[in-house]
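Please prepare a short briefing on the structure shown below, covering its salt bridges, its sheet and helices, and its aromatic contacts.

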Amino acid sequence: MQSAVWRLPLLDFNGMDSIGMVTRKKQSVVRTGIAGLDEILRGGLPSSNFYILQGAPGSGKTTAALQFLLAGVEAGERCLYVSLSQTAAELESIAISHGWSLKGIRVEELSASDAVSGASDQTIFQSTELRLDETRKAVEQAIEEHKPNRLVYDSLLEIRLITGDSPRFRRELLGFKSFLAQRQVVALLLDTQTNGSTERSGEEVEGIAHGVIRFDKSLEEYGGVRRRVEVSKMRGVPVADGYHDMAIREGEGVIIYPRIIPGAASETVKPQLIKSGVTALDEMFGGGQESGTTTLVIGQSGTGKSTMSSLYATAALKRGESVALFLFEERLETFFRRSEGLGMDLRQFHKDGQLIIRDFNPNEISPGEFGKIAQEVVTREKSRVVVIDSFTGYLNSLPHRDKAVRDIQSLLKYLARSGVLTMLIVAQHGLLGQNVGIDVDVSFLGDTVLLLRISEHEGKLRRSITVVKKRHGPHDLDVRELLIESSGVTVVAYNPLPEA
């Protein structure tokens, strides 16, 4: 039986420049409706083109597809969802779970596996050609009838199973691409990747589609599902390539967190000295710490690392500056009580919005999401001091620590360019000087390194403080004693007790 196929038009290139390159007018783009994706795409998807969204079952393809169509509805466009794998009731259920309405989206339920458009009179042993023809005709008819501006086709897996071989599947995609191009439809085709099909499907569709977006999910040994997205191909668009973290949030759908680009922040005109409010401590830094730098506060448990961050935060708040504090270990109430025990009352600053505090569960946040939150807080609130307490607790919850270190490095560069003093709390192993060490070497991240230690002598614990490193300007190399008392924090000359 001779089957009908979509015919390809002849391509006509014109507008050659003086060196023979094809010139192209600036294309209009359509927004995807997916938070973060348009930023990666430098504005959105080039209009009137054919795109593939790949991913394993449960990776968020259908949710993202609905967001794509809802953005079209908001823009006053006609939107069509052609489903070969899900029912309208299932799509409605997904939409309701996020508080969305499918009003304005036309859903066409089709079947690629059995009776379609009169094929019910055929034997159950239908030929592949007949099933493919009937499916194609039904899809064509739906598009011709509704004349959509945006189309979601769900999914290519059913068509791949019918065709049975790669050459035929490729011809079907080429024909469908031509059919849509003639009608100026922006199409998003969902491609469900199953075990063993990822490499093959990539070879078949990447050369045909104008762009390919891949959703990836993985289940680590501990914690929730980790999700990522990659724009593996996008013709004519300088996308932010590589993996970007993503999440699916109730009421928000798919959210993508683009990797931070440090150069996106404006350069600080002139560094300023940021003081702690403790004269002796500021003298150790040559007058104070500089804005646009990162300080690592390193020490074992009980050495006063969090107290140092509270000290600088309090001084900045009293100067009328905004401060952002990101907690990964200490509870919010514990932070307030500890600070109050040292004479630093920060509750009112928090109520007034001058002190921004975010209390995270490290197992529920990815490096990309954290970076995005920190970036937005600093940009919106113009924070001058940022404290991450602690980076060690954050690292301990992540399966890929090396990646987390690279992500935090990009964030720190962004904050530095924004003129922020960032204090990164890093915990060492052990107690009282024994088994001292750090899981991951992060010393290269700091412009300044403040080392806190604690030792025991004759039944008494003594804290010491040393500025080990300061890239910009002079600093004191002396070891001094750190006194943390209910009256406050003081730094005095360190006089070792005589050996017994």
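Arg-337 and Glu-333 are separated by about one helical turn, because they lie four residues apart in helix α10 (residues 332-340); helices (H or I, at least four residues) and strands (E, at least two) are DSSP runs numbered from the N terminus. This is a predicted model, in which local features need pLDDT of at least 70 and side-chain atom pairs count only at pLDDT 80 or more, while totals for chains, interfaces and linings use all residues. Residues are numbered from 1 along each chain as its sequence is written, and side-chain values use heavy atoms, with hydrogens and water left out.

**Salt bridges**

- A search of the whole structure finds 20 salt bridges, each defined as a side-chain nitrogen of Lys or Arg within 4 Å of a carboxyl oxygen of Asp or Glu.
- Arg-337 and Glu-333 form one of these, with the closest N and O atoms 3.0 Å apart; Arg-337 is exposed at a relative accessible area of 59%, whereas Glu-333 is partly exposed at 27% (buried means under 20% relative accessible area, exposed over 50% and partly exposed in between, with a 1.4 Å probe and protein chains only).
- Asp-191 and Arg-160 form a salt bridge whose closest N and O atoms are 3.1 Å apart, and this pair links distant parts of the chain, with Asp-191 in strand β7 and Arg-160 in helix α5, 31 residues apart.
- Both partners are buried, Asp-191 at 0% relative accessibility and Arg-160 at 5%.
- Asp-133, Arg-136, Arg-168 and Glu-172 are linked in a network of salt bridges.

**Sheet and helices**

- An open sheet of nine strands, with mixed pairing, has the order β5-β4-β6-β7-β3-β8-β9-β10-β11; two strands pair if DSSP finds at least two bridges between them.
- The edge strands, each pairing on one side only, are β5 (105-109) and β11 (253-257).
- Strands β4 (residues 79-83) and β6 (residues 150-154) run parallel and are joined by five bridges, and Val-82 has Tyr-153 in β6 as its bridge partner.
- Helix α6 (residues 166-182) lies across β3 (50-55), β6 and β7 (186-192), running at about 130 degrees to β3; axes are lines fitted to C-alpha atoms, for helices over the stretch in contact, and angles run from 0 to 180 degrees between N-to-C directions.
- Helix α12 (residues 367-381) packs on the sheet and touches β10 (243-249) and β11, where contact means heavy atoms within 4.5 Å.
- Helix α5 (residues 156-163) is mostly covered, since seven of its eight residues are buried, and Gly-164, which follows α5, has a positive phi near 80 degrees.

**Aromatic contacts**

- The structure holds eight aromatic pairs, in which rings of Phe, Tyr and Trp (its six-membered ring) have centres within 6.5 Å, with planes under 30 degrees apart counted as stacked, over 60 as edge-to-face and the rest as tilted.
- Phe-326 and Phe-360 form a tilted pair, 6.1 Å centre to centre with 35 degrees between the planes, and both residues are buried.
- The rings of Phe-360 and Phe-370 have centres 5.7 Å apart and planes at 85 degrees, so this pair is edge-to-face; Phe-370 is buried, with a relative accessible area of 1%.
- Ring pairs link Phe-326, Phe-328, Phe-360 and Phe-370 into a cluster.
- Arg-183 lies over the face of Phe-179, at 3.7 Å from the ring centre; a charge sits over a ring if NZ of Lys or CZ of Arg is within 6 Å of the ring centre and within 35 degrees of the ring normal.
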